[in-house]
Amino acid sequence: MKKVFGIACIAFISLFFRVPLSTGYQVGDIIKDFEAKNIDGTSVGTKSFPNAKGYVVVFTCNTCPYAQAYQNRINALAKKLDDKAWPLIAINSNDKGMSPGDSFDQMKQLAKSQGYAFPYIYDESQEIVRAFGASKTPHFYVLDANKKVKYIGALDDNADDANAVTKHYVEDAIKAIQNNMDPNPSTTRAIGCGIKKRAA
């Protein structure tokens, strides 16, 4: 009887630790189309790019020091990519009541001052971030043409020094998809500030 109980406990513990920590999309999931107001006043989302071969989705914001540190790197990546074939969509999901510096007006000012070369949309309802399960700024998702999640995590392996980066996770994931391969790694730990979410 003790042996059976022990096996059952091990099985339960094993099952528990296999449960994803995030309640949002996991690698292999196909996302639902989303859209929100872009800094230019238009509505932008996945359907805005009907011929896309893939998508880079990044949850970021105005105020987080990590997001600020990655601004130039994100902009450089967007300029490197074909914006029709591989659109980069940045999403600010921070609640402006909790973080006034992340209001839509502040987003427009930041994007203009930094010369953003990508859509920067405002997830005011926080529906998008809850669907994805993103928790950090910045937090990256790479999708294939079918909007299947292929990579989740960090842009690269050095949040502190762009000159010391040795692994470009997002770019490597894109290259893998272009070669009909699965990214390796398919997940890394996103490093940044917690997204300011209202109580559900």
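**Group meeting: sheet, helices and cores**

In β5, Y122 is the bridge partner of N92. Strands and helices here are DSSP runs, strands E of at least two residues, helices H or I of at least four, numbered from the N terminus. Two strands pair if DSSP finds at least two bridges between them.

A word on the source. This is a predicted model: local features need pLDDT of at least 70, side-chain atom pairs count only at pLDDT 80 or more, and totals for chains, interfaces and linings use all residues. Residues are numbered from 1 along each chain as its sequence is written, and side-chain values use heavy atoms, with hydrogens and water left out.

Back to the strands. β4 (88-92) and β5 (120-122) pair in the parallel sense, over 3 bridges. They belong to an open sheet of 7 strands, with mixed pairing, in the order β2-β1-β5-β4-β3-β7-β8. β2 (43-45) and β8 (149-153) are the edge strands, each pairing on one side only.

Now the helices. α3 (104-114) lies across β1, β4 and β5, at about 175° to β5. α5 (169-178) lies across β3, β7 and β8, at about 5° to β7. Axes are lines fitted to C-alpha atoms, for helices over the stretch in contact, and angles run from 0 to 180 degrees between N-to-C directions. Contact means heavy atoms within 4.5 Å.

Next, packing. A nonpolar core is a set of buried (under 20% relative accessible area, 1.4 Å probe, protein chains only) Ala, Val, Leu, Ile, Met, Phe, Trp, Tyr and Cys residues, joined through side-chain atoms within 4.5 Å. The largest has 30 residues, with V56, W86, L88, V142 and V170 making the most contacts inside it. α5 gives the most to this core, 5 residues.

Key
Buried < 20%, exposed > 50% of the residue type's maximum accessible area, 1.4 Å probe, protein only.
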